[in-house]
Amino acid sequence: MPSREALGVLILGGTAEATALAIRLHTERRVERLVLSLAGRTLRPDLPEGVEARIGGFGGAAGLAAYLAAEGITHLVDATHPFAAGISRNAAEAALAAGVPRLALHRPGWDARPGDRWVHVACLKSACDALPPGARPFLALGRQHIAPFRHRPDLRPVLRMVDPPDALPFAADLVLGKPGDAASEIALFAGKGITHVVCRNAGGAASYAKIEAAGALRLPVVLIDRPPAPPPPMVASVEEAVAWLRRTP
Ligand code: NAP
C-alpha cells in the first residue's frame, strides 16, 4: 500500500465480497482506518470481527461526500450488490466531489451455457409479463421484490424463504429453507412441477445452483439483467481490489 499517507478505506458493503475484502485488509493490518458500511437491511448482519462497521444511509451522494471528508477516508471501495444501483451512483458522485479515488468491486454476472433457455428482461415487471398464462414459476427474488407478481393471479408461484413471512402479497407455495446444491434444486423443481425460474443475474457461485438446475431440466429462466455498471475503474475480485489499493495513491 502507498506509505506516504495514512490509508483510510471505506468499503460499501452488503455482499460476501465486501466482507471478504474487509477481513483481508483487517488481517493484513496495512490500513490505518478501515470502515465497512452497511445499509441496515439485515436485522442481525454477520459482521467481521474486529472491523469497524457503520450501519445506515449517508443521506445521498452529498452526505457520503461529507462523510468521506469528515472521516479522513482516502480510498472508497464500492463493493455493493450489482443490483444496488442507487448507492453505486452515489459512490461515484461522492468520490468525485470529495476527490477520493473510488473502485467498484462487482462480481461478474452469469453467462448462458449452450442449451440454456434464458429470456432476458430488464425489470421485475417485464419478468412478470414474460411468464405464460398458468405458469408455475420459482421466484428466486427475495421477499422485497415479489410484489409485482400479485397482478398475475393466474400464476401458481413457488417461493423460498429462510424465515416464514408474516404474510404474502399473493397466494403461493412457500418452501422454507436456504438454497441447496444443484442436485437438491433439481429435486425441488421437479417435485414442485416448476415450469420457469425467475431470478436476477446476481452472479457468483453461491446462488448459481438454481441456474444449473434449470439448465439440467431444460427449464426457461426469466433472467432480470443487471442495471448499468458503475463507471470504471471496476474489478471482479477481492484480490484485484487489494492490488488497486496497493497501487493507487
Ligand atoms: P440502493 O437502492 O442502491 O440504495 C438505497 C440507499 O440505501 C442508498 O441510497 C443509501 O442510502 C443506502 N445504502 C445502500 N447501500 C449502503 C451501504 N453499503 N452503506 C450505507 N448505506 C447504503 O441499494 P439496495 O438495492 O436497497 O441494497 C441495499 C444494500 O443491500 C446494498 O448495500 C447492497 O450491497 C445490499 N444488497 C442488495 C441486494 C439487492 O438485490 N439490491 C442484494 C444483496 C445485498 P443514502 O442515500 O441515505 O446514503
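Tutor: Helices (H or I, at least four residues) and strands (E, at least two) are DSSP runs, numbered from the N terminus, and two strands pair if DSSP finds at least two bridges between them. This is a predicted model, in which local features need pLDDT of at least 70 and side-chain atom pairs count only at pLDDT 80 or more, while totals for chains, interfaces and linings use all residues. Residues are numbered from 1 along each chain as its sequence is written, and side-chain values use heavy atoms, with hydrogens and water left out.

Student: How many bridges join strand 2 to strand 3?

Tutor: Strand 2 (residues 33-38) runs parallel to strand 3 and is joined to it by 4 bridges; serine 37, for instance, has arginine 54 in strand 3 as its bridge partner.

Student: What order do the strands of the open sheet have?

Tutor: The order of its 6 strands is 3-2-1-4-5-12, with parallel pairing. Strand 3 (52-55) and strand 12 (234-235) stand at the edges with a single partner strand each, so one side of each is left without a neighbour in the sheet.

Student: How much area do domain 1 and domain 2 bury between them?

Tutor: The size of an interface is often given as the accessible area lost when the parts come together. Here the domains, whose bounds come from an automatic or database domain assignment, are domain 1 (8-108 + 228-247) and domain 2 (118-224). Domain 1 and domain 2 bury about 420 Å² between them, 60% of it on carbon and sulfur atoms, where buried area is the accessible area (1.4 Å probe) that two parts lose on being put together, summed over both.
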